[in-house]
Amino acid sequence: VSLPGPLRALGFRLRALLGRDALDRSLEQEMRFHLESLIEEGRRAGLSEEEARRDARLRFGNPLSFREASRELLSFGRLESLAMEVRHAARRLRRAPGFTAVALVTLALGLGVNSALFAVLDVALLRPLPYPEPDRLVALWEIEIGRGERGTVALANLGDYSVPAFESLAASTDMSLDLTDSGEPETILGQGVGPRFFEVLGVGPVRGRAFLEEELRDPGAGKVVILSHRLFSRRFAEDPGLLGRTVRLDGEPHRVVGVLGPDFRAPRDIGARTSSDFIVPLALPPEIATNRGDHEVNVVGRLRPEASLAQARQQLEAVGQSLAQSFPDTNGEVRPRIALLHDDLARAARPSLLLLVGAVGAALLIACLNLSNLLLVRSLARTRETAVRVALGAGRAQALRGILVEAGLLALVGSALGLLVAHLGLRVAVALAPAAVRAAEARLDGRVLAFSLFLAGAVALVSALLPARLVSHLRPHESLRSLERSLAAAPTLRFGRALLVAEVALSLVLLVGGGLLLRSLARLHAVDVGFETERVLATSVNLPEARYPDEHARLRFFVELERRVGALPGVAAVAFANRFPLRGGWSTGIEPDSPIGASPGEHLSADAQAVSLRYFETLGIPLRRGRTFTAADREGAAPVAVVNEAFAARYYPGEEALGRRFRRGRSAPWVEIVGVVADLRRNGQAAKQEPGIYFAAAQTSLYPVHLGELAVRSGRDLRALAAALPREVLRLDPEQPMNRVLTLRESLERDLLPRRFAGILLSSFAGLALVLALVGVYGVTSYSVSRRTGELGLRLALGATPAGLLRLILGETSRRLALGVALGVAGALALTRLLGGLLFETTPTDPATFLATAAGFAAAGLLAAAVPAWRATRLDPTVTLRAG
Amino acid sequence: MGKMDQDGELVQGTLDMLILRVVARGENHGFGIAQAIHLLSGEVLRVEEGSLYPALHRLELRGMLDAEWGVSENNRRARFYGLTAKGRRRLEQESESWARLSSAIARVMGTP
């Protein structure tokens, strides 16, 4: 069988490459046959055995050289010499398993976390938004000049904001509706959108159509909806017949006019864990839609292709000022502001991400320094060998190539392992990351792979730099005469020491940062929120106005639900309210009967909840004085309230609050305080204890808020109970969905997530940095001890005590450690203030953290140095002197 | 005479042609091929082993020759080379152009 030429040649070469030994044997055998035939010929010609052999050898020439020629021919030439370098490097690395393992772990961690970070950054900051020409999309919001606070936009102002630089502007609001068709009722999230919403984004429904002008102008007329692809396939099995049919949303039929594509994302969903499942025409009550003081909508806009952001800004500022003059009451202090939508969405994620970048960058730098240090120590140890090779004519280029190939090989294997780390790291990051980081969309794709390879190459080059310098400065005759006095080694060794100091300093900065965050987390966890969180489940039920038109109807629903849930097995207590702690707030203006501690005319307000009878019992809030609510506190009875201690201390300092009265406004009835309960931190551990009021839910007209939440306390299986709750609601009202059931502990943990993310992240990097730095200290000390074996042996022989020797070696290392620690503390002092917002009751310069970290680090560093130092004290002088 | 460089060695292309010609008479090993060239040239041409083996391996690589291990006349293991179809075509081409070239040179040299 004859193969086409090039293929045949390739086959030969591959065989030659893979079966190198077989090829060698074959060539050798062929030569031997030839030589023996020559000898035999000589013998036959009458020569003696010896003469025949000599003659044959003379005639045959140097078999090695033409064997080499043949082998060159049958191999890949230069490519194979690289393969040989790689094989040699691999063999060298295999012979130093300790070094290799440390270097690979260093690289895998350093490269792995960087790849994972890149994957997250890529989606969060780099990747363009999923709309055509995303550079022209802007977010628009309003600020109140005095307070500088960012807020939503008044729909009535939107027309004025349509300055010439904008092609179009569109308003939207977040909404939730109850879907009660085909299957279990559920609450779905979505957007109410104004005219030109899809036009601004540049993407619309892929089936059906966008909203018609009349549908947007008069949202009440015939209700229409556009569904997300997700909902379309989940609830309606992608039935194309759904278009034109109606679905029941909040009890009202809505005609489905369109379905969005699977990739569609509303701007509000980008970087959020939620996703919009429906889009309906924006329907604001006329009094809100026309009131310039009612700020209700989010706005996105599209710039004209030729317009710049600065132009739009200028034009909007002019509009804002003229509106302020025309409508001083509502617009006097309000100004519009814009930013590119991409930047605006990235803004929320930026602090977390910058922290990430800082930590990961430092970790990679440390990994680089460490690898460089390791390679340096290694090539110093091999100086003599290299010098011999250079002296024998191996060429500096080849020695340099060897180092580079070694570093490259390490980096390549390290980055492969790193991808494994990245894979795991990404899963952790997705689980821990705050929603704004958009980590959930992060993938290990081709871009990440390319980045990882690029990084590996860069690391290989950077860390091979110093060792390569050493080799290129090598003077073989000096190195061979005496390694210790080698002129080339000295400056490079100084470099190595500087590397170590830098490594220690960087690690310490990370450690201090991680320490501060952990300390702050520990303080947060130690804070008692003031109510039971472990054994309490909470959820919300949004009762639609269509079926529950007023607060009385809602109260009836919840009283009945309370009764039924109370009868479930294992339930210790049930309560309902408008809001439970950790689930948002609601406040009211108040006017106490004797406003002590408040300046006259000051607007007073307090957090206020309408709660059921067993609210305090369910949450485990202790009663301090007076009583809690009873069944007698109902509509028509004397208005009563329970307040917390903070309220009593704020408005009745030094007095008895019980029996005092306040009202919610001039025309509202006076309410008597009948009880004082303990304070709690409604919004989690980081929140303050604020004055709070509790009204009886049964006295509905006193405080007619939307009752919407249910909490259950149980000593038994919470999971089973959580599953049972929605069933009870459905039994009560088959069209009524219930939102997610969570324990209060889970809600608490969610609030802590961003801090925990930062804390875990920074401290794991700090741990990594610590390990790397210790490896560095160990490596450098080991090397310096091995270099001075002769000297140390001599000292021992001359009567130095092991303790004295230990002091000698450790003294050197501790000077370097001290310098590194000092630099690290200085760096940390300068940098930890960046953590400000993430710290809780911990100053960025917390002395205890600084002291503990620095001392701990120094101790660990000394210990790492003590191991090789101790080994040096056990040297046998007779042996070392002979070797030296 | 044959193409020779200044050291009296055969130029590469010519050696390839001679090898193909010798192998066309029957499979042979490296030693046998060198001997055959020496004898057939009336003991004028001598092939250096240093160029013979690289040439053999090059021809094998290019698919002109096939090689396999066999047993020689004196009962030793030897690598035998044989002509492939491709090698035979190449030999025909080379012989033709060699014949033209040498008769042309002979005519020029034979001019009084």
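A salt bridge links the side chains of A:Glu40 and B:Arg76, at 3.0 Å from N to O. The interface of chain B and chain A holds 2 salt bridges by the rule applied. The model is predicted.

**Interface of chain B and chain A**

- Chain B brings 29 residues to the contact, and chain A brings 24 residues.
- About 2300 Å² is buried between the two chains. Carbon and sulfur atoms give 58% of that area.
- B:Phe31, B:Glu49 and B:Leu61 supply 31% of the area that chain B buries against chain A.
- Between chain B and chain A, 6 residue pairs are in polar contact, counting pairs with both residues at pLDDT 80 or more.
- On chain B, helix H2 (30-40), H3, S2 and S3 each supply at least two residues of the side that touches chain A.
- H3(B) gives the largest share of that side, 9 residues.
- By residue type, the side of chain B that touches chain A divides into 10 nonpolar, 8 polar and 11 charged.

**Sheet of chain B**

- Chain B has an open sheet of 3 strands, in the order S1-S3-S2. The pairing is antiparallel.
- Strand S1 (28-29) and strand S2 (65-71) of chain B are the edge strands. Each of them pairs on one side only.
- S1(B) is joined by 2 bridges to strand S3 (residues 77-83) of chain B, and the two run antiparallel.
- B:Asn28 stands opposite B:Tyr81 in S3(B).
- Helix H3 (residues 49-61) of chain B lies across S2 and S3 of that chain. H3(B) runs at about 50° to S3(B).

**Strands paired with S9 of chain A**

- Strands of a sheet pair through backbone hydrogen bonds, in either the parallel or the antiparallel sense.
- Strand S6 (residues 207-208) of chain A pairs with strand S9 (residues 252-259) of chain A over 2 bridges, in the antiparallel sense. A:Arg207 has A:Val259 as its bridge partner in S9(A).
- Strand S7 (residues 224-227) of chain A pairs with S9(A) in the parallel sense, over 4 bridges. A:Val225 has A:Val256 as its bridge partner.
- Strand S8 (residues 246-249) of chain A pairs with S9(A) in the antiparallel sense, over 4 bridges. A:Leu249 has A:Glu252 as its bridge partner.
- S8(A) and S9(A) form a hairpin, with 2 residues between them. In the turn, A:Asp250 has a positive phi of about 50°.

Key
Residues numbered from 1 in each chain as written. Chains lettered and ligands numbered in written order. Predicted model: local features only at pLDDT ≥ 70, side-chain atom pairs only at ≥ 80, totals over all residues. Heavy atoms only, no water. Pairing = 2+ DSSP bridges. Contact = heavy atoms within 4.5 Å. Axes fitted to C-alpha atoms, helices over the stretch in contact; angles between N-to-C directions. Buried area = accessible area lost by both parts, 1.4 Å probe. Salt bridge = Lys/Arg side-chain N within 4 Å of Asp/Glu carboxyl O. Polar contact = N/O pair within 3.5 Å; in protein donor to acceptor, adjacent residues only side chain to side chain. Nonpolar A, V, L, I, M, F, W, Y, C, P; charged D, E, K, R; others polar.
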